[in-house]
Amino acid sequence: MDSIAIIGGSPLNGSIPISGAKNSALKLMAASILTDQPLRLTNMPRLADTKFLGKLLRALGVEVTENGHGGEQETLFHAAEITSTFAPYDLVRQMRASFNVLGPLLARTGHAKVSLPGGCTIGARPVDLHLDALSRLGAAIELEEGYVSATAPKGLRGAEIEFPFVSVGATEHAMLAAVLAEGTTVLRRAAMEPEIGDLARCLTAMGAKIDGIDTDVLTISGVSSLNGTDWSVIPDRIEMGSFAVAAAMAGGEVRLTKTRADLMTALTEKMVEAGVDISPTGDGVVVRRDPGQRLKAVNVTTEVYPGFATDLQAQFMTLMTTAEGESVIRENIFENRFMHAPELARLGADIHVGAGEAVVKGVPALHGAPVMATDLRASVSLVIAGLVAEGETTVGRVYHLDRGFERLEEKLGACGARIRRITGEADEH
Ligand code: UD1
């Protein structure tokens, strides 16, 4: 199992190009099932998760061809024929987003059998909203031995669906199925994350009819078939936010490029309140902090978009560990998402976790130690802490990191971080 070693204390200076968004790429990849024509995705991040979903798509009969290297990466997905509608446990358990092949398979072929998902261990994360939405669209659903069997022999039909609360995955899943349903579907209390807008716009380019993009009511008029298209994946706002926090934590001046300032407005507001200097540029932002300046503690509460992203909560908590004062961090989206707190405490952070919130008392300095990554976003927060911890920090189990961050150590190293990967034995993941 690989680990990452960081020697703290070097400021970050330079420029970091932001990759395409993992959370968008995964849903766009699932959309390739909806058409027998090629879907060409550019600005594709090269991640363990996208590789993994590529493997599942291949097992369903989709031809997956990776082109390009270095800067411009693209992948061609061609589902000329769906040869299997079975997504086995082994190919779904490691990543929850794999479950999103169910709707497109059902829409294209009228039946599918997909394993219930696994993914990061952050809370219970059921899929009841996904299944309710599909059954409202006319699917007959049975659960047996960890599998969902769904059929729609007469095809899916449009429906009014009001989600009981906002779910990113369920909104996307319903949209992926409704585009080929007969008649009109209205999705109310839809999630508005930028990745959902990206998926909706790509589906529109494929011939889908979707109104209300970027709002919480999506109206989808079903079409009988979709065509292929070329689509550039939206920049990864979580990767962007993580590097913004890294720059603020280490001090220095970092330009984040190939992205858009408006994708991290909620984070920017909080960072500015804490004393970080952030200015928008034509293709991203510049983040500055004088290494001698101590930040102020501020409170954050995670919310659905456009609120503060839960996927940036661990990183922001890390930033607060050395700020002056006390910061209260409330987690509203996932109930079990403070697993990074005890690891940060190993580095000297003062964090008290209570029900749904963590209180962070800023300390003057962190100290290097071996720590363990517990989930994807938590692992990057430990790397960020390592950038300032005195001495060496080693972050174990970095397969979590490789699921969602492309060439993290290279990007940070290019800005002056003293960071290296220690290659271990092959792990079971
Ligand atoms: C997506 C993102 C993830 C992010 C999250 C919230 C991807 C691949 N992942 O996850 O990085 O942290 O949005 O922004 O895009 N829920 C149910 N029943 C359901 C579905 C969800 O109870 O059927 C609950 C979840 O347990 C959670 C909340 O709803 O507490 C929000 O989850 P959701 O928005 O669906 O997150 P994901 O789509 O899984």
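**View 1. Ser149 is a buried residue, with a relative accessible area of 19%.** Buried here means under 20% relative accessible area, exposed means over 50%, and partly exposed lies in between, with a 1.4 Å probe and protein chains only. The model is predicted: local features need pLDDT of at least 70, side-chain atom pairs count only at pLDDT 80 or more, and totals for chains, interfaces and linings use all residues. Residues are numbered from 1 along each chain as its sequence is written, and side-chain values use heavy atoms, with hydrogens and water left out. Ser149 belongs to strand E9, residues 147–151. Helices (H or I, at least four residues) and strands (E, at least two) are DSSP runs numbered from the N terminus. The side chains of Ser149 and Glu144 are joined by a polar contact of 3.5 Å. A polar contact is a pair of N or O atoms within 3.5 Å; within protein, one must be able to donate a hydrogen and the other to accept it, and residues adjacent in sequence count only if both atoms are side-chain atoms. Leaving out residues up to four places away in sequence, Ser149 touches Ala112, Lys113, Ala140, Ile141, Glu142 and Glu144, where contact means heavy atoms within 4.5 Å.

**View 2. Helix H12 covers residues 376–386.** Because 11 of the 11 residues of H12 are buried, the helix is largely enclosed by the rest of the structure. Among the buried residues are Leu376, Arg377, Val380, Ile384 and Gly386. Asp375 caps the N-terminal end of H12, with a side-chain oxygen 3.1 Å from the backbone nitrogen of Arg377.

**View 3. Helix H1, residues 22–31, is mostly covered.** In H1, 9 of the 10 residues are buried. They include Lys22, Leu26, Lys27, Leu28 and Met29.

View 4. Gln313, Phe316, Met317 and Met320 are among the buried residues of H10. Most peptide bonds are trans, and most residues other than glycine have a negative phi.

**View 5. Asp214 and Lys258 each have a positive phi without being glycine.** Asp214 has phi near 75° and lies in the loop between strand E12 (209–211) and strand E13 (217–221). Asp214 is partly exposed, with a relative accessible area of 39%. For Lys258, phi is about 60°. Lys258 is placed in the loop between strand E15 (252–257) and helix H9 (265–274), and counts as partly exposed at 37% relative accessibility.

**View 6. The whole chain, for orientation, has 14 helices and 24 strands.** A compact globule of 429 residues would have a radius of gyration near 22 Å, and the chain agrees with this at 21 Å. The radius is taken over C-alpha atoms, and the globule rule is 2.2 Å times the number of residues to the power 0.38. Along the principal axes, the C-alpha atoms fill a box of roughly 65 × 45 × 40 Å. Of the 429 residues, 56% are buried. Among contacts with a separation of 6 or more, 74% are between residues 24 or more positions apart.
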